[in-house]
Amino acid sequence: MKTIRPSGLPPSPAPLLRSEPDRNCPLCPRLAAFREATRAREAGWFNSPVPSFGDPNGRLLIVGLAPGLQGANRTGRPFTGDFAGDLLYATLIEYGFAKGTYLARPDDGLTLADCLISNAVRCVPPQNKPLPAEINNCRPYLAATIEAMPRLLSIVTLGRVAHDSTVKALSLRGAAAPFAHGAIHQAGALKLYDSYHCSRYNTNTGVLTPKMFRAVFAKVRADLL
Ligand code: SF4
């Protein structure tokens, strides 16, 4: 499939044709071993690299950190089945980027509108903490996902890891786009919107309130009218 890089960005050094890794991707030995151990323990769970969800022709890409053990790693759909999904999908429905009712199950019929959700790291990491080498290993899939969105105009990154990996995937200088909640960075024709991750920890500690989170998507919606 021919892909179009958003205008104004440097050429990608080595674009991948595929944006989704194999089910048994071996590139991160620690994560592959964790995946196998979880498969042995929880045979009914998804337990594989979690594919992106939504519309590849959308104008908005949301980049999370990695699947949660009992969330996306269990259900196979990003942000589905754990606390972070409750806030994310409620907000996407409120701002017209999702339609239907979110029931925390991949068969709940929820669809995304003009939007795709992906993760910087596709396999569940122990304690939700991928190692730097694992983030690097998975970045080509993020870069390929970006490459495969011909109408892309906006990227919301959830948390510093997602932000930093997205900046590198776009071949931008990190110093030109430092992470800060609510910050907006211009990258050619693309706008990057930073948000703290919508994790239970961040919301329980008040680092991120629903109001702060909604404000990010209100800005995206206003820009994508
Ligand atoms: S995190 Fe990404 S690169 Fe690493 S094993 Fe999983 S799919 Fe492969």
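Student: In which loop is the place of N47?
Tutor: This is a predicted model, where local features need pLDDT of at least 70, side-chain atom pairs count only at pLDDT 80 or more, and totals for chains, interfaces and linings use all residues. Residues are numbered from 1 along each chain as its sequence is written, and side-chain values use heavy atoms, with hydrogens and water left out. Helices (H or I, at least four residues) and strands (E, at least two) are DSSP runs, numbered from the N terminus. N47 lies in the loop between α1 (29-41) and β1 (53-54).

Student: Is N47 buried or exposed?
Tutor: Phi of N47 is positive, near 55 degrees, in a residue other than glycine. Buried means under 20% relative accessible area, exposed over 50%, and partly exposed in between (1.4 Å probe, protein chains only). N47 has 1% relative accessibility, so N47 counts as buried.

Student: What is the relative accessibility of N128?
Tutor: N128 is not a glycine, yet has a positive phi of about 60 degrees. Its place is in the loop between β5 (115-119) and α4 (132-147). N128 counts as partly exposed because its relative accessibility is 46%.

Student: Which strands stand at the edges of the sheet?
Tutor: Two strands pair if DSSP finds at least two bridges between them. The open sheet of six strands runs in the order β1-β5-β2-β6-β8-β7, with mixed pairing. Each edge strand has a single partner strand, so one side of each is left without a neighbour in the sheet: these are β1 and β7 (184-187).

Student: What is the bridge partner of I62 in β6?
Tutor: Strand β2 (residues 60-64) pairs with strand β6 (residues 154-158). The sense is parallel, over four bridges. In β6, I62 has as its bridge partner V156.

Student: How far apart are the closest N and O atoms of R30 and E134?
Tutor: Side chains of opposite charge can pair when their charged atoms come close. A salt bridge is a side-chain nitrogen of Lys or Arg within 4 Å of a carboxyl oxygen of Asp or Glu. R30 and E134 form one, and their closest N and O atoms are apart by 2.8 Å.

Student: Which helices does that pair of R30 and E134 link?
Tutor: R30 is partly exposed at 32% relative accessible area, whereas E134 is buried at 4%. The pair links distant parts of the chain, 104 residues apart: helix α1 and helix α4.

Student: Why are K219 and D223 separated by about one helical turn?
Tutor: K219 and D223 form a salt bridge, with the closest N and O atoms 3.2 Å apart. They are separated by about one helical turn because both lie in helix α7 (residues 210-223), apart by four residues.
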